[in-house]
Amino acid sequence: MNELRGKRVAIAVTGSFCTFDSVFDALEDLNDAELYPILSDNVYSMDTRFGTAASIRARLEKICGRGCWHTIQEAEPIGPQKLMDLVIVAPCTGNTLAKLAQGVTDTPVVMAAKSQLRNARPVLLGISTNDGLSSSAKNIGILLERKNVFFVPFAQDDPVRKPTSLMLETGDLRAAALAALHGEQLQPLLKVRDINKL
(Lines give C-alpha, C1' and ligand atoms only; values in the text may rest on other atoms or scores of the structure.)
Protein backbone atom coordinates (compact mmCIF):
# COMPACT_ATOMS: atom_id res chain seq x y z
CA MET A 1 0.00 0.00 0.00
CA ASN A 2 3.03 2.31 0.23
CA GLU A 3 4.07 2.24 -3.43
CA LEU A 4 3.55 6.01 -3.65
CA ARG A 5 5.49 6.90 -0.52
CA GLY A 6 7.87 9.75 -1.25
CA LYS A 7 6.26 10.55 -4.59
CA ARG A 8 5.14 14.12 -5.20
CA VAL A 9 1.81 14.10 -7.01
CA ALA A 10 -0.08 17.18 -8.19
CA ILE A 11 -3.86 16.85 -8.13
CA ALA A 12 -5.12 19.30 -10.75
CA VAL A 13 -8.89 19.77 -10.63
CA THR A 14 -11.09 21.23 -13.37
CA GLY A 15 -14.77 22.09 -13.39
CA SER A 16 -16.71 18.88 -13.78
CA PHE A 17 -18.39 19.72 -10.50
CA CYS A 18 -20.81 16.78 -10.53
CA THR A 19 -17.92 14.30 -10.29
CA PHE A 20 -16.11 15.89 -7.35
CA ASP A 21 -17.53 13.56 -4.70
CA SER A 22 -16.41 10.37 -6.48
CA VAL A 23 -13.05 11.81 -7.56
CA PHE A 24 -12.26 13.20 -4.11
CA ASP A 25 -13.19 9.88 -2.52
CA ALA A 26 -10.73 8.17 -4.89
CA LEU A 27 -7.99 10.63 -3.94
CA GLU A 28 -8.08 9.20 -0.42
CA ASP A 29 -6.48 6.07 -1.93
CA LEU A 30 -3.41 8.15 -2.85
CA ASN A 31 -2.71 9.35 0.68
CA ASP A 32 0.66 7.59 0.87
CA ALA A 33 1.93 10.14 -1.68
CA GLU A 34 2.69 13.81 -1.08
CA LEU A 35 -0.35 15.47 -2.71
CA TYR A 36 -0.35 19.03 -4.05
CA PRO A 37 -3.76 20.43 -5.07
CA ILE A 38 -4.03 22.75 -8.08
CA LEU A 39 -7.35 24.33 -9.03
CA SER A 40 -8.60 25.79 -12.27
CA ASP A 41 -9.89 29.35 -12.09
CA ASN A 42 -13.51 28.16 -12.14
CA VAL A 43 -13.08 25.55 -9.42
CA TYR A 44 -11.27 28.06 -7.23
CA SER A 45 -13.94 30.74 -7.53
CA MET A 46 -17.36 29.33 -8.53
CA ASP A 47 -20.18 28.39 -6.18
CA THR A 48 -22.48 25.80 -7.79
CA ARG A 49 -25.34 23.51 -6.81
CA PHE A 50 -22.65 20.95 -5.94
CA GLY A 51 -21.11 23.15 -3.25
CA THR A 52 -19.39 26.44 -2.60
CA ALA A 53 -15.91 27.16 -3.85
CA ALA A 54 -14.75 27.53 -0.25
CA SER A 55 -16.13 24.12 0.75
CA ILE A 56 -14.51 22.44 -2.26
CA ARG A 57 -11.16 24.06 -1.48
CA ALA A 58 -11.42 23.04 2.17
CA ARG A 59 -12.21 19.42 1.31
CA LEU A 60 -9.33 19.13 -1.13
CA GLU A 61 -6.90 20.83 1.22
CA LYS A 62 -7.88 18.38 3.96
CA ILE A 63 -7.25 15.40 1.65
CA CYS A 64 -3.91 16.78 0.47
CA GLY A 65 -2.74 18.28 3.75
CA ARG A 66 -1.75 21.62 2.19
CA GLY A 67 -3.19 24.71 0.56
CA CYS A 68 -4.32 24.89 -3.06
CA TRP A 69 -2.33 26.46 -5.86
CA HIS A 70 -4.62 28.48 -8.09
CA THR A 71 -2.48 30.72 -10.29
CA ILE A 72 -0.40 30.14 -13.39
CA GLN A 73 2.58 31.57 -11.53
CA GLU A 74 2.29 28.91 -8.82
CA ALA A 75 2.04 26.06 -11.35
CA GLU A 76 4.80 27.16 -13.73
CA PRO A 77 7.81 26.07 -11.59
CA ILE A 78 6.68 22.42 -11.77
CA GLY A 79 8.79 22.04 -14.91
CA PRO A 80 11.90 24.13 -14.27
CA GLN A 81 12.26 22.90 -10.68
CA LYS A 82 11.10 19.33 -11.42
CA LEU A 83 8.69 19.55 -8.52
CA MET A 84 6.36 16.65 -9.34
CA ASP A 85 6.77 12.97 -10.08
CA LEU A 86 3.24 12.88 -11.51
CA VAL A 87 0.54 15.39 -12.43
CA ILE A 88 -3.02 14.03 -12.30
CA VAL A 89 -5.77 16.08 -13.94
CA ALA A 90 -9.03 14.75 -12.51
CA PRO A 91 -11.69 15.46 -13.32
CA CYS A 92 -10.45 16.65 -16.71
CA THR A 93 -13.16 18.47 -18.67
CA GLY A 94 -13.58 18.61 -22.43
CA ASN A 95 -12.45 22.23 -22.29
CA THR A 96 -9.17 21.23 -20.63
CA LEU A 97 -8.72 18.30 -23.04
CA ALA A 98 -8.98 20.75 -25.94
CA LYS A 99 -6.43 23.09 -24.41
CA LEU A 100 -3.97 20.29 -23.72
CA ALA A 101 -4.40 18.88 -27.23
CA GLN A 102 -3.90 22.26 -28.90
CA GLY A 103 -1.15 23.68 -26.68
CA VAL A 104 -3.23 26.41 -25.05
CA THR A 105 -1.80 27.39 -21.66
CA ASP A 106 -4.15 29.84 -19.96
CA THR A 107 -5.09 28.20 -16.65
CA PRO A 108 -3.12 26.87 -13.67
CA VAL A 109 -4.11 23.29 -14.56
CA VAL A 110 -2.92 23.32 -18.17
CA MET A 111 0.23 25.14 -17.08
CA ALA A 112 0.91 22.37 -14.55
CA ALA A 113 0.50 19.71 -17.23
CA LYS A 114 2.58 21.57 -19.82
CA SER A 115 5.32 22.29 -17.30
CA GLN A 116 5.42 18.62 -16.27
CA LEU A 117 5.58 17.38 -19.87
CA ARG A 118 8.50 19.62 -20.78
CA ASN A 119 10.67 17.33 -18.64
CA ALA A 120 9.22 14.13 -20.15
CA ARG A 121 7.45 13.38 -16.88
CA PRO A 122 4.02 11.71 -16.72
CA VAL A 123 0.63 13.38 -16.81
CA LEU A 124 -2.45 11.29 -16.01
CA LEU A 125 -5.86 12.45 -17.29
CA GLY A 126 -9.13 11.41 -15.66
CA ILE A 127 -11.66 12.60 -18.19
CA SER A 128 -15.20 13.71 -17.43
CA THR A 129 -16.98 15.27 -20.36
CA ASN A 130 -20.44 15.11 -21.89
CA ASP A 131 -18.99 15.29 -25.41
CA GLY A 132 -16.29 12.62 -25.12
CA LEU A 133 -17.77 10.67 -28.03
CA SER A 134 -18.54 13.76 -30.10
CA SER A 135 -16.58 17.02 -30.27
CA SER A 136 -13.99 16.01 -27.63
CA ALA A 137 -13.24 12.67 -29.28
CA LYS A 138 -10.61 14.15 -31.59
CA ASN A 139 -8.78 15.70 -28.63
CA ILE A 140 -8.78 12.40 -26.77
CA GLY A 141 -7.28 10.84 -29.90
CA ILE A 142 -4.56 13.48 -30.11
CA LEU A 143 -3.64 13.02 -26.44
CA LEU A 144 -3.64 9.21 -26.69
CA GLU A 145 -0.72 9.60 -29.10
CA ARG A 146 1.11 12.17 -26.96
CA LYS A 147 4.21 10.85 -25.22
CA ASN A 148 4.05 10.79 -21.40
CA VAL A 149 0.27 11.39 -21.37
CA PHE A 150 -1.80 8.60 -19.84
CA PHE A 151 -5.48 8.13 -19.06
CA VAL A 152 -7.42 6.74 -16.16
CA PRO A 153 -9.64 4.08 -17.79
CA PHE A 154 -13.02 5.49 -18.72
CA ALA A 155 -16.53 4.45 -19.73
CA GLN A 156 -19.82 5.87 -20.91
CA ASP A 157 -21.35 6.96 -17.64
CA ASP A 158 -24.96 6.99 -18.90
CA PRO A 159 -25.23 5.68 -22.48
CA VAL A 160 -29.03 5.96 -22.57
CA ARG A 161 -29.57 9.52 -21.40
CA LYS A 162 -26.09 10.91 -22.26
CA PRO A 163 -24.83 8.78 -25.18
CA THR A 164 -21.67 10.84 -25.87
CA SER A 165 -20.61 11.30 -22.24
CA LEU A 166 -17.42 9.72 -20.87
CA MET A 167 -16.20 9.54 -17.29
CA LEU A 168 -13.11 8.15 -15.63
CA GLU A 169 -13.41 4.99 -13.58
CA THR A 170 -12.50 6.46 -10.21
CA GLY A 171 -11.81 3.01 -8.76
CA ASP A 172 -8.89 2.72 -11.19
CA LEU A 173 -7.24 5.99 -10.20
CA ARG A 174 -4.56 4.54 -7.95
CA ALA A 175 -3.63 1.72 -10.33
CA ALA A 176 -3.52 4.18 -13.23
CA ALA A 177 -1.25 6.49 -11.24
CA LEU A 178 1.17 3.68 -10.45
CA ALA A 179 1.19 2.58 -14.09
CA ALA A 180 1.84 6.14 -15.30
CA LEU A 181 4.78 6.47 -12.92
CA HIS A 182 6.25 3.44 -14.69
CA GLY A 183 5.54 4.92 -18.12
CA GLU A 184 2.65 2.55 -18.82
CA GLN A 185 -1.00 2.94 -19.74
CA LEU A 186 -3.29 0.96 -17.44
CA GLN A 187 -5.39 -1.48 -19.47
CA PRO A 188 -8.08 -1.97 -20.45
CA LEU A 189 -8.53 1.70 -21.23
CA LEU A 190 -12.17 1.41 -22.29
CA LYS A 191 -14.54 0.01 -19.69
CA VAL A 192 -18.14 -1.12 -20.11
CA ARG A 193 -20.60 -0.43 -17.32
CA ASP A 194 -23.60 -2.64 -16.66
CA ILE A 195 -26.45 -0.61 -18.13
CA ASN A 196 -28.90 -2.34 -15.78
CA LYS A 197 -27.13 -0.77 -12.79
CA LEU A 198 -27.31 2.80 -14.04
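Predicted model: local features only at pLDDT ≥ 70, side-chain atom pairs only at ≥ 80, totals over all residues.
**Exercise 1. Over the ring of which residue does the charged end of R66 sit?**

Residues are numbered from 1 along each chain as its sequence is written, and side-chain values use heavy atoms, with hydrogens and water left out.

Step 1: grab the criterion. A charge sits over a ring if NZ of Lys or CZ of Arg is within 6 Å of the ring centre and within 35 degrees of the ring normal.
Step 2: apply it. R66 has its charged end over the ring of Y36, 4.0 Å from the centre.
Step 3: look for another case. R57 puts its charged end over the ring of Y44, at 4.5 Å from the centre.

**Exercise 2. Work out how the rings of F17 and F20, and of F151 and F154, are paired.**

Step 1: set the rule. Rings of Phe, Tyr and Trp (its six-membered ring) pair if their centres lie within 6.5 Å; planes under 30 degrees apart are stacked, over 60 edge-to-face, the rest tilted. That rule gives four aromatic pairs.
Step 2: take F17 and F20. Their centres are 5.2 Å apart and their planes at 50°, so this pair is tilted.
Step 3: take F151 and F154. With centres 6.1 Å apart and planes at 65°, the pair is edge-to-face.
Step 4: check burial (buried is under 20% relative accessible area, exposed over 50%, partly exposed in between; 1.4 Å probe, protein chains only). F17 is buried at 13%, and F20 is buried at 4%. F151 comes out buried at 0%, and F154 is buried at 4%.
Step 5: Ring pairs tie F17, F20 and F24 into a cluster.

**Exercise 3. Find the surroundings of A176.**

Step 1: A176 is part of helix 8, residues 173-181; helices here are DSSP runs (H or I, at least four residues; strands are E, at least two), numbered from the N terminus.
Step 2: ask about solvent. A176 has a relative accessible area of 2%, so it is buried.
Step 3: list contacts (heavy atoms within 4.5 Å). Leaving out residues up to four places away in sequence, A176 touches L124, F151, V152, P153 and L186.
Step 4: V160 is 16 residues from A176 along the chain, and their C-alpha atoms are separated by 27 Å.
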